[in-house]
Amino acid sequence: MIEIKKSPVQKIIFRDKNYLIKRDDLLDSRFSGNKARKLHYFLNYDFNNFTKIISHGSAQSNAMYSLSELAKIKGVGFEYYVDHIAEYLKQNPHGNYKHALENGMKIQEKHFPKNLKDEELFIPEGGHFVEAEFGLKILADELKEIDADIFLPSGTGTTALFLQKHLKQKVYTCACVGDETYLKKQFLELESDEKYHPSILTLDKKYHFGKLYREFFEIWIELKNETKIEFDLLYDPQGWMTLLKHQSKFKKEILYIHQGGLIGNESMLLRYKRKFSEVNR
Ligand SMILES: *Cc1c(COP(=O)(O)O)cnc(C)c1O
């Protein structure tokens with residue numbers, strides 16, 4: 001049985017400025033990051049009436065891998081539905097896909113079933129659901145004594161929203177999936193009172209989720225060299241670029257939340273290496 005322990009807060013200097021980093025990537029070697037926080041509720045959940053977990057999303061998602069870990073911990077099956085699996089990935093399994101398969105995931109290339117059986121537990125894409133509040137409140141409790149502005153990049157916005165709901169400090173975020181309008185809608189689905197919504201900061205250029213950008217890779221390498229911390233390649237580059245652009249808005253020291261996702265870097269790095277041949281680790 002995995003217990004979620006408190007994660008450390010580390011001081012770093014990046015481009016001559018001090019930051020605090022909440023190392024949620026270090027929660028556990030396998031069940032870590034914000035997906036572990038969002039799924040925490042189910043660690044102590046009685047699965048006696050369930051034989052499997054059902055979910056859907058992309059074939060390389062961090063949520064998919066974390067669900068495969070949860071299913072393994074709880075001793076139930078895991079069925080995952082995707083629109084498409086790239087031929088290259090099928091032939092050369094790697095990253096989240098490979099590790100989830102090793103955990104026993106059954107992946108299906110079709111739309112997820114509308115009618116579930118009683119013994120099937122459905123978890124929405126990316127863990128965008130109210131049950132996530134349980135684990136995120138615990139994360140908020142670990143941060144509440146720290147006098148800092150909080151920053152984290154968003155996908156579904158679930159993590160940022162529930163943190164703001166349980167913290168007095170201001171929580172800032174940016175939209176990595178979709179735009180600001182999409183992210184606001186995501187917040188509203190979980191919390192109708194806008195006073196609990198995080199502040200969304202933007203960049204001038206529009207970035208598309210999952211696409212490769214030279215400037216993303218460059219800031220990721222710079223962070224790694226200067227801070228000795230490996231950040232995630234999908235959300236963190238946009239997160240740091242947004243944070244640096246809006247530096248003057250922050251009145252206090254910034255606490256950046258490292259939300260894990262490092263197994264996903266395996267596939268992102270392969271893609272970056274194929275796209276920019278000069279890229280070497
Ligand atoms: C899933 C994920 C996010 C986005 O989390 P949301 O709660 O969907 O906003 C950010 N960073 C990493 C590393 C993730 O795996």
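## Notebook: pocket, ligand and cavities

I began with the residue classes in the lining of the largest pocket: 14 are nonpolar, 25 polar and 7 charged. I note here that the model is a predicted one.

**Entry 1. The largest pocket**

I looked up its size next. The volume of the largest pocket is about 1000 Å³. I found 46 residues along its lining, and those closest to the centre are Ser-58, Gln-60, Ser-61, Phe-209 and Leu-234. Which element gives the most to the lining of the largest pocket? I noted α10, with 7 residues.

**Entry 2. Where the ligand is**

I checked where the ligand sits. It is in the largest pocket. I then went through the elements around the ligand. Two or more residues of the shell come from each of α1 (33-43) and α6 (158-166). Of the elements, α1 gives the most to this shell, with 3 residues. I sorted the shell by class and wrote down 11 polar, 3 charged and 2 nonpolar residues.

**Entry 3. Contacts with the ligand**

I listed the residues around the ligand. There are 16, and the nearest are Lys-35, Asn-62, Gly-155, Thr-156 and Thr-159. I looked up atom distances for three of these residues.

- Asn-62 has a side-chain N or O atom 2.7 Å from an oxygen atom of the ligand.
- Gly-155 places a polar backbone atom 2.7 Å from an oxygen atom of the ligand.
- Thr-156 has a polar side-chain atom 2.6 Å from an oxygen atom of the ligand.

How much of the ligand's accessible area does the protein cover? On its own the ligand has 390 Å² of accessible area, and the protein covers 98% of that.

**Entry 4. The largest cavity**

I turned to the cavities. The structure holds 3 of 30 Å³ or more. I put the volume of the largest cavity at about 50 Å³. Its lining consists of Cys-176, Tyr-207, His-208, Phe-209, Gly-210, Lys-211, Phe-216, Leu-233, Leu-234 and Gln-238. By class I have 6 nonpolar, 3 polar and 1 charged residue in this lining.

I repeated the steps here. The second largest cavity has a volume of about 40 Å³. I listed Lys-35, Lys-38, Leu-39, Ala-63, Leu-67, Ile-123, Gly-126 and Gly-127 as its lining. Which elements each supply at least two residues of this lining? They are α1 and α2 (62-74). The largest share, 3 residues, comes from α1. I sorted the lining by class and got 4 nonpolar, 2 polar and 2 charged residues.

How values were computed: Residues are numbered from 1 along each chain as its sequence is written. This is a predicted model: local features need pLDDT of at least 70, side-chain atom pairs count only at pLDDT 80 or more; totals for chains, interfaces and linings use all residues. Side-chain values use heavy atoms; hydrogens and water are left out. A residue is near a molecule or strand if one of its heavy atoms lies within 4 Å of it. A polar contact is a pair of N or O atoms within 3.5 Å; within protein, one must be able to donate a hydrogen and the other to accept it, and residues adjacent in sequence count only if both atoms are side-chain atoms. Accessible areas come from the Shrake-Rupley method with a 1.4 Å probe; for residues, only the protein chains shown count as cover. On a 1 Å grid over the protein atoms alone, a cavity is a set of points where a 1.4 Å probe fits but cannot get out, and a pocket is an open set with protein on both sides within 12 Å along at least five of seven lines; lining residues have an atom within 4 Å of a point. A molecule sits in a cavity or pocket if more than half of its atoms lie within 2 Å of its grid points. Helices (H or I, at least four residues) and strands (E, at least two) are DSSP runs, numbered from the N terminus. Ala, Val, Leu, Ile, Met, Phe, Trp, Tyr, Cys and Pro count as nonpolar, Asp, Glu, Lys and Arg as charged, and the others, Gly among them, as polar. Grid points are joined across faces, edges and corners, and a volume is the space filled by probe spheres set on the points.
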